[in-house]
Amino acid sequence: MKRTAAKKLFHNPRPGVARRVSAPAAHRLATASCRAAGTETRRAPGYETVADGYALPQPQECVLILDFGSQYTQLIARRVRECGVYSEIVPHTIAPRDAARRRPAALILSGGPASVTAAASPTCDPALLRLGIPVLGICYGMQLVAKLLGGRVWAAPRREYGHAFLRVRHKGDLFRGLSGRLAVWMSHGDEVTRAPKGFQVIAVTATSPAAAMADPKRRIYGLQFHPEVVHTPKGKDILRNFLFRIARCRGGWTARSFVASTVEQLRKTIGPDDRVLCGVSGGVDSTVLAALLHRAIGERLACVFINNGLLRKGEAEAVRRAFRDRLGIRLHYAHAPQAFLRRLRGVASPERKRRIIGSVFVQVFQREARRLGMPRFLAQGTLYPDVIESRSPRGGPSATIKTHHNVGGLPANLRFQLVEPLRYLFKDEVRRVGKELGLPDRMIWRHPFPGPGLAVRVIGAVSARKLRILREADAVFLEELRRAGLYDKVWQAFAVLLPVKAVGVMGDERTYANVIALRAVTSRDGMTADWARLPQPVLAAIANRIINEVKGVNRVLYDVSSKPPSTIEWE
Ligand code: XMP
């Protein structure tokens with residue numbers, strides 16, 4: 001299947017890797033369209049923006065992580081949060097004034113691919129190290145601390161990569177309670193050969209003469225290895241020591257405290273009279289968004305759910321029921337399959353389908369917004385990876401991160417202010433918040449589903465008849481996966497209707513009917529994926545049921561391609 005640049009209209013690109021925005025994005029599509037098109041949406045008051053474009057959430061105990069471009073930066077942020085301390089990733093160029101304004105409990109300097117010995121390597125303002133805030137430098141971060149404070153770093157003749165054993169010389173607060181010999185994960189070329197004045201080397205490895213260093217007086221520490229990765233089994237204990245013993249954090253950042261403080265903040269931001277418009281798709285992000293807003297402002301939340309006719313079997317009813325019965329949220333339901341199908345008629349190109357669906361969505365959404373009296377605010381389900389990837393030294397410029405949002409666009413006279421209460425959360429945190437808000441498990445653990453829905457799973461031109469066949473086959477597939485206890489074990493599973501017909505024989509009759517491909521993948525984040533090794537008896541039962549029960553299908557295939565080089569969706 002040919003992939004063209006236009007396909008990326010819905011993509012959320014990372015450096016070098018094309019990625020479409022994570023699935024339940026219908027609402028994001030609408031909301032961000034107006035941003036791209038009109039520049040008319042404004043960040044809501046209460047979401048202060050610092051010079052580099054990082055929006056600040058409500059003040060609370062916070063650890064700032066300066067990003068030097070490591071592939072593990074997000075992991076550091078998550079580990080700190082797992083310890084119950086809120087953390088935020090900021091660019092390494094952050095001004096000391098801006099950092100100090102946040103009154104962070106600690107600064108962590110991430111690793112990074114560069115070498116501090118190179119001329120133009122990324123650095124930070126040395127004044128950050130004089131703020132009196134505890135600092136932990138990890139890998140590149142440690143080398144930078146050493147360089148900025150007068151130590152010596154050199155490009156070691158041998159890179160140290162992989163497992164190593166750390167010999168702890170002085171436990172101090174950082175290694176308190178841990179054994180003197182620890183398995184750690186190394187990944188570096190440079191190394192510190194002389195610690196700066198005031199520092200003591202507190203641990204070594206066979207090849208690293210300074211694998212950890214400390215200046216307890218200034219509370220500045222450095223680790224040559226990566227405590228944030230699972231290959232450093234005691235890494236979290238080390239981080240915990242840094243956070244609670246050295247930086248004296250209080251902790252207590254949980255889904256519950258997030259809900260409480262966000263609800264309070266939303267009430268302040270939105271005020272007592274204004275209303276918020278929120279597009280929902282039934283996916284976890286938009287559902288959590290709606291539930292959070294509903295808790296904050298009750299009936300002043302106007303939720304819109306557009307049925308584009310490209311949903312899975314029973315999905316529209318299930319979403320409406322869940323909102324009504326489980327969440328107690330009123331849903332404005334826009335039944336618009338005809339509007340979408342009419343415009344899609346005869347269109348075979350995946351990228352044209354996406355563009356059409358995007359623009360019809362915006363039209364319908366606008367109509368509903370008007371019908372609802374044009375609330376002042378628009379809720380958007382932006383998540384933290386969307387925010388930081390656009391800022392990371394590894395990431396592209398912010399203008400390209402959401403090119404998929406440049407679809408259609410709302411007219412400039414549509415003036416919304418954005419509220420993005422999830423913009424500081426990772427996906428798993430959104431799920432935990434969802435649980436806290438009482439969302440049903442089925443919604444929390446739903447597989448990702450693309451905004452353009454089944455239109456990109458009917459290969460070639462879409463028609464009501466083809467959608468019907470696909471919907472039935474897909475429902476059988478998912479039902480059997482659930483029955484076998486495999487639904488939660490795969491990242492995504494779905495059926496695809498191919499644009500070919502095959503010969504078969506049913507009873508004594510020759511058939512000439514459709515072919516269904518089944519796709520099930522395992523993945524951590526959708527960026528890469530492997531085909532799921534479903535047990536053969538399960539596959540056999542699924543194929544058997546589809547061919548027997550879905551009229552118009554006489555052949556079922558299983559897709560055994562990984563991503564890359566294939567993609568998860570066929571179109
Ligand atoms: P691919 O096919 O690029 O998919 O490997 C990666 C993830 O993105 C989802 N996807 C989309 N989500 N709009 C979306 O909201 C889209 O146009 C779109 N295309 C793919 C896909 O389902 C998978 O989770």
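P565 is placed in the segment after β21. Strands such as this one (E, at least two residues) and helices (H or I, at least four) are DSSP runs, numbered from the N terminus. The model is predicted, so local features need pLDDT of at least 70 and side-chain atom pairs count only at pLDDT 80 or more, while totals for chains, interfaces and linings use all residues. Residues are numbered from 1 along each chain as its sequence is written, and side-chain values use heavy atoms, with hydrogens and water left out.

The segment after β21 (553-558) also holds P564. Two cis peptide bonds involve these prolines. One runs from K563 to P564, with omega near -20°. The other joins P564 and P565, with omega about 10°. Most peptide bonds are trans, and most residues other than glycine have a negative phi.

Two arginines have a positive phi. R103 takes a value of about 45° although it is not a glycine. R103 lies in the loop between α3 (96-101) and β6. Its relative accessibility is 69%, so R103 counts as exposed. The terms here follow relative accessible area: buried is under 20%, exposed is over 50%, and partly exposed is in between (1.4 Å probe, protein chains only). R248 is not a glycine either, and its phi is positive, about 50°. The loop between α5 (235-246) and α6 contains R248. R248 counts as exposed because its relative accessibility is 59%.

Helix α6 (residues 255-270) meets helix α7 (residues 284-297). Their axes come within 9 Å and cross at roughly 65°. Axes are lines fitted to C-alpha atoms, for helices over the stretch in contact, and angles run from 0 to 180 degrees between N-to-C directions. The crossing of α6 and α7 is right-handed. A crossing has this hand if the near helix is turned clockwise from the far one by less than a right angle, and is left-handed if anticlockwise. On the α6 side, the contact involves F258, V259, T262, V263, L266, R267 and I270; α7 contributes L292, L293, R295, A296 and I297. Contact means heavy atoms within 4.5 Å. By class, nine of these residues are nonpolar, one is polar and two are charged. Ala, Val, Leu, Ile, Met, Phe, Trp, Tyr, Cys and Pro count as nonpolar, Asp, Glu, Lys and Arg as charged, and the others, Gly among them, as polar.

Helix α9 (residues 337-344) has P337, F340, L341 and L344 buried. Down the axis of α9, the buried residues fall within an arc of 95°, so they line one face of the helix. The arc is that of the directions from the helix axis to the C-beta atoms. Q338 and R342 are exposed on the other side of α9. The cover over the buried residues of α9 includes β14 (301-307), β15 (331-335), α10 (350-371) and α15 (464-483). Just after α9 comes G346, with a positive phi of about 80°.

Nine strands form an open sheet with mixed pairing. Their order is β5-β4-β6-β7-β12-β11-β10-β8-β9. Two strands pair if DSSP finds at least two bridges between them. β5 (86-91) and β9 (181-194) are the edge strands, each pairing on one side only. From one strand to the next, the twist averages 20°. Within the sheet, β10 (residues 200-204) and β11 (residues 212-215) pair in the antiparallel sense over three bridges. A203 has A212 in β11 as its bridge partner.

Helix α4 (residues 140-148) is mostly covered, with seven of its nine residues buried. The buried residues are Y140, G141, M142, Q143, L144, V145 and A146. They pack against β6 (106-109), β7 (135-138), β8 (152-168), β9, β11 and β12 (220-223). G150 follows α4 and has a positive phi, near 95°.

V500 lies in strand β18 (residues 492-506). Its relative accessible area is 43%, so V500 is partly exposed. Residues up to four places away in sequence aside, V500 touches A513, N514 and V515. V500 and Y512 are 12 residues apart in sequence, and their C-alpha atoms are 9.9 Å apart in space.
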